[in-house]
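Hi everyone, thanks for coming.

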Amino acid sequence: MNKPHFLLAVVVVTLSACSGPETPPVKAEAVPWVRTIAVQGGGGAGLVTSGTVRARVEIPLAFQVGGRILARRVDAGQTVGAGQVLFELDPRDLEETARAVEAELAAARAERDTAASEMARQTQLLAQGFIGQQAFDRSQLAARAAESRLVSAEARLRQANNASGYALLRARSPGVVTEVSG
């Protein structure tokens, strides 16, 4: 037996082995007729397309701080002016954060003052020979750390005060609101 006939025999045997029991023939349903019309270019016939119309310039706005929205003052499609309030956050959390940071600042000032007076006392004791250099260095390090904590608390207070100003979301420029979420 030569090779091409042998392969053909194997393929036929394999295909016949794959067929299952014969099923009764299914009657083909009638194909529904579809009416077609030839399209011709004509004078005055408009072009119909689908798509999304978007503004040429869009300015997405969002709050710079987190919080619960207290008031929504605009709806989609509404015309707004520059500076107009769009949303308002509940300011209570922002105010409480500012009060907490003010307390931290007061504590940092007291700590700095205490460290400064301790540093002055340690300087006198070192000059009189009552303490060693290591004790003096520790008090010097404590004074620098207290000063750093004060600077940090002042910066956090500035941030907290800025955050209070972010409770109102305002329009940057006049325009039309295209989408509102929140």
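Let's begin with Arg92, which is exposed, with a relative accessible area of 52%. By exposed I mean over 50% relative accessible area, while buried means under 20% and partly exposed is in between, using a 1.4 Å probe and protein chains only. Before I go on, please keep in mind that this is a predicted model: local features need pLDDT of at least 70, side-chain atom pairs count only at pLDDT 80 or more, and totals for chains, interfaces and linings use all residues. Residues are numbered from 1 along each chain as its sequence is written, and side-chain values use heavy atoms, with hydrogens and water left out.

So, what does the side chain of Arg92 meet in a salt bridge? The partner is Asp90, at 2.6 Å from N to O. A salt bridge here is a side-chain nitrogen of Lys or Arg within 4 Å of a carboxyl oxygen of Asp or Glu. Asp90 is buried, with a relative accessible area of 11%. The side chain of Asp90 also forms a salt bridge with Arg68, at 3.2 Å from N to O. Put together, Arg68, Asp90 and Arg92 are linked in a network of salt bridges.

How many salt bridges does a search of the whole structure find? It finds 10. Another one joins the side chains of Arg121 and Glu118, at 3.3 Å from N to O. These two sit three residues apart in helix α2, so about one helical turn separates them. Arg121 is partly exposed at 45% relative accessible area, and Glu118 is partly exposed as well, at 29%.

Now let's step back to the overall layout. The chain has three helices and five strands, in the order α-β-β-β-α-α-β-β along the sequence. Helices (H or I, at least four residues) and strands (E, at least two) are DSSP runs, numbered from the N terminus. Of the 182 residues, 18% count as buried. Among contacts with a separation of 6 or more, 71% are between residues 24 or more positions apart, where contact means heavy atoms within 4.5 Å.

Next, the inside. The largest nonpolar core has eight residues: Ala98, Val101, Leu105, Ala108, Leu150, Ala153, Leu157 and Ala160. Helices α2 (92-128) and α3 (133-165) each supply at least two residues of this core. For us, a nonpolar core is a set of buried Ala, Val, Leu, Ile, Met, Phe, Trp, Tyr and Cys residues joined through side-chain atoms within 4.5 Å. Take Ala108 as one member: leaving aside neighbours within four places in sequence, Ala108 contacts Ala146, Arg149, Leu150 and Ala153. There is also a second, separate core of seven residues, including Val80, Phe87, Ala171 and Val177.

Staying with helix α2, have a look at Gln122, which is placed there. Is Gln122 buried or exposed? Gln122 is buried, with a relative accessible area of 10%. Not counting residues up to four places away in sequence, Gln122 touches Ile131, Ala135, Phe136 and Ser139.

A search of the whole structure finds one aromatic pair. Phe63 and Phe87 form that pair, which is edge-to-face, with 6.4 Å centre to centre and 75° between the planes. Rings of Phe, Tyr and Trp (its six-membered ring) pair if their centres lie within 6.5 Å, and planes under 30 degrees apart count as stacked, over 60 as edge-to-face and the rest as tilted. Phe63 lies in the loop between α1 and β1 and Phe87 in strand β3 (residues 85-89), so the pair ties together parts that are 24 residues apart in sequence. Phe87 is buried at 8% relative accessible area, whereas Phe63 is partly exposed at 22%.

One last stop: Ile59, in the loop between α1 (3-18) and β1 (69-72). Ile59 is partly exposed, with a relative accessible area of 44%.
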